[in-house]
Amino acid sequence: MEGIIGATVLGVLLITAVGAGMLGSTPYQQDLGAALLPPGAGHLFGTDSLGRDLWSRVLVGLRVSVTVAVMAAAISVALGVTLGMVSGFYGGTLEAVIMRLADIQLAVPFVLLTLLIVAVLGANIRNLIAVMGVTGWVTYARVSRGQTLVIRHREYVDAARASGATDRHIIGRHVLPNIGGPLLVVLTLDLSRLVLLEGAMSFLGFGVQPPTPSLGSLLSEGLRSLALAWWPVTFPGVTLAIFVFGVNLFGDWLSDRLNFRANV
Amino acid sequence: MSRRVPLGVVRWVVMLAAISLVPLQASVAAPAKDTLTIARVTATLGLDPGFLREPGTIVDNIFDTLVARDQHMKLVPGLATSWKAVNPTTWQFALRRGVTFHNGDPFDAEAVKFTVERVLDPAKHSPTISYIRTVSRVDVVNPYTVNIVTAEPDPLVPTRFSRYPTEIVPPKYVKEGGDAAFASRPVGTGPYKFVRWVKDNYVEVEANPTYWGGAPKIQHVFWRWVPDDIARVAALQRGEADLIEPVPVAWVTTIERSPRLRVDRVKHGGLIIYFGLKTDVPPLNDVRVRRALAYAIDVNTIVKTILRGFASPMATQVGPFDFGYDPRISRYPYNPTRARALLTEAGHPNGIEIEMQGTRRYLMGAEVSQAIAQELAAVGVRVKLEIPEWTVYAQLVPVKKQAPIYMLGWGSTQTLDADAAIYPILHSNEPYSTVSDSKLDRLLDEARHTVDPQARGRLYGQIQELAHEDVPMLTLYQEDSLYGLNNSVAWKARPDARIPVIDIRLR
């Protein structure tokens with residue numbers, strides 16, 4: 001049941017966000033004379049302090065937030081799965097080193113690291129994705145390593161090795177496909193974390209720069225007009241909450257379906 | 001018989017112990033009747049009055065100037081009891097006797113000489129040298145008499161000595177500790193002594209009981225940095241701050257509705273906000289492009305909607321409270337068609353791409369920057385907008401590392417004279433100026449040295465007309481001063497933006 005709800009919620013949100021461009025939306029069109037109009041005719045969610053249509057901005061903001069999260073996740077997955085598989089397969093010093101790196105990574109406070117990088121390289125989407133991607137690999141590494149440890153002792157691996165398969169072949173053809181299931185579960189749940197993280201960073205001004213909207217930066221913009229209007233804060237906030245809720249529902253369902261406990 | 005403590009109790013004890021060890025957020029002393037807490041949007045980067053990159057609001061309380069300005073904006077004796085021009089290029093000041101610095105060092109003519117010369121020293125690159133560049137040296141006549149010697153006649157010497165950077169510093173203490181240490185642990189002769197500066201949090205000062213002007217009534221003052229608008233308003237509403245500056249425009253009505261609070265508004269009391277232009281960088285070096293930018297911006301609507309009327313559109317960088325203000329000069333009207341035509345005439349029929357920086361430090365700064373970026377884009381000026389953090393931005397500007405179009409606020413505030421309002425931002429080779437126009441330079445220098453007020457006024461009129469023609473910057477509007485106060489604070493806001501706590505009483 002929860003799977004269907006989760007999937008539906010996500011599906012609807014993502015389709016509207018992706019299709020935002022075709023719904024005749026105007027996220028950047030300002031009209032100072034129409035600033036802070038309440039939800040009503042012509043503006044489903046009202047307008048913000050510069051007269052921009054909030055409905056459009058929330059849709060584009062959702063798209064931006066999800067894109068950032070997905071791209072960061074892609075980097076984390078690539079990095080984490082590689083390191084995880086390698087450490088699980090070869091063991092020994094290599095594994096020890098990689099696992100200690102994971103511990104160090106977890107110990108570094110994310111916000112501090114972002115501030116540092118942003119101060120040196122500048123605050124923009126690209127740098128934010130890079131930081132989020134590079135610091136998020138640990139979960140995937142651990143999952144991959146766990147699965148690799150299980151699989152490398154299976155009979156078909158021994159058989160493949162006996163018939164002269166190289167390590168690379170074994171990793172690529174036998175280990176990797178078996179990681180897929182658990183990885184998907186972890187990825188889905190991680191996505192909600194990433195979306196919230198992007199929201200927090202953009203809220204603080206370290207990610208998406210104006211006038212590009214993201215759910216986080218919309219929240220911070222909306223907060224500045226809170227004394228005069230409730231809608232610039234409420235709609236982005238509710239959208240973010242619904243999205244994260246949908247992702248979590250879907251992830252839980254997937255996890256039950258695949259009988260996998262993301263015990264990392 | 002030993003009895004095992006139930007696990008539940010142990011958990012609670014551990015939790016309480018852990019909570020008590022967590023340092024509570026550095027909370028300022030609970031508002032007692034003799035403590036004043038002021039929350040401001042501007043950060044403190046340094047407390048050396050000779051090298052400020054921020055308003056002098058705090059240092060005005062720690063230091064004194066030779067000449068002071070009273071509540072009616074009249075110049076009155078400060079550390080000098082009297083002054084006169086003994087010849088066209090020399091002003092003589094008689095110094096007050098018996099004044100000591102907070103560390104006991106004596107105030108005398110040597111201190112004045114040291115103070116001025118360290119700001120004029122080209123090796124030190126003071127960002128505020130523009131205000132006293134007319135001074136060539138200080139002569140000590142005797143321990144209580146100094147001569148301020150200027151290169152050319154300067155009628156403004158007493159005014160120049162009523163504000164930073166001429167706030168008097170103790171020579172021995174500064175020389176021993178060095179400039180950097182002095183900026184973190186200032187010592188002056190003022191009504192308030194420096195206690196501590198918790199960086200990015202607050203500056204604490206306490207009353208100087210032996211102040212020559214009489215001991216202040218309020219004993220402790222906390223100057224807090226609260227850049228977040230909502231946090232600042234919340235601090236006022238919760239009683240954590242007695243005075244906030246400025247009140248965010250969206251919150252003025254809400255605060256006025258509260259019976260315990262009020263908003264003090266001074267029309268034309270704030271800075272004049274503009275977008276500076278790097279006039280030596282193409283395509284901004286073409287006056288037609290600059291004029292196009294001026295035509296493209298609809299300042300009246302921005303003031304009405306984004307600033308909710310808490311600002312006044314301006315044609316020049318001189319405000320109505322300043323000597324030299326010319327009310328006859330009018331703004332470029334909003335005319336995007338003319339803007340596009342000018343751009344085409346200047347050889348840019350397809351528009352231009354350019355970088356722009358805004359800042360949140362001024363009222364609705366981020367929103368205004370975005371609105372203007374959009375209006376410029378509508379005429380083909382595709383702007384890449386960045387809004388850096390103020391503490392970073394404030395360091396970039398005086399060393400010319402900012403974007404070609406950059407937002408800044410300026411004013412004569414404490415001088416109430418056109419010279420301070422425009423010389424530092426229009427004259428070539430000044431730290432905050434990105435303009436280099438020899439005609440303007442000549443007029444600005446001549447006005448500085450003209451003694452007759454009528455002639456001076458005429459010169460400033462000419463300068464403003466020339467600036468209007470040339471568009472060296474995009475002048476936008478002058479902010480109102482908006483102070484949020486608890487009604488227990490008895491004080492009237494000043495047009496010169498100072499907050500002299502010695503004048504404040506707590507009811």
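How many residues lie between β6(B) and β7(B) in their hairpin? There are 2 residues between them. Before going further, note that this is a predicted model, in which local features need pLDDT of at least 70 and side-chain atom pairs count only at pLDDT 80 or more, while totals for chains, interfaces and linings use all residues. Residues are numbered from 1 along each chain as its sequence is written, and chains are lettered from A and ligands numbered from 1 in the order in which they are written.

Strand β6 (residues 135–142) of chain B runs antiparallel to β7 (residues 145–150) of chain B, with 6 bridges joining them; two strands pair if DSSP finds at least two bridges between them. Within this pairing, B:R137 has B:V149 as its bridge partner.

Now for the sheet. In chain B, 6 strands make an open, mixed sheet, ordered β14-β18-β13-β17-β15-β16. At its edges sit β14 (311–313) and β16 (381–386) of chain B, each pairing on one side only. Take β13 (residues 272–277) and β17 (residues 405–410) of chain B: they are antiparallel, joined by 6 bridges, and B:G276 stands opposite B:Y406.

Helix α10 (residues 299–306) of chain B packs on this sheet and touches β14 and β18 (473–479) of chain B. Its direction makes about 170° with that of β14(B) (axes are lines fitted to C-alpha atoms, for helices over the stretch in contact, and angles run from 0 to 180 degrees between N-to-C directions; contact means C-beta atoms, placed from the backbone, within 7 Å).

Definitions and conventions:
Helices (H or I, at least four residues) and strands (E, at least two) are DSSP runs, numbered from the N terminus. Two residues are in contact if their C-beta atoms, placed from the backbone, lie within 7 Å.
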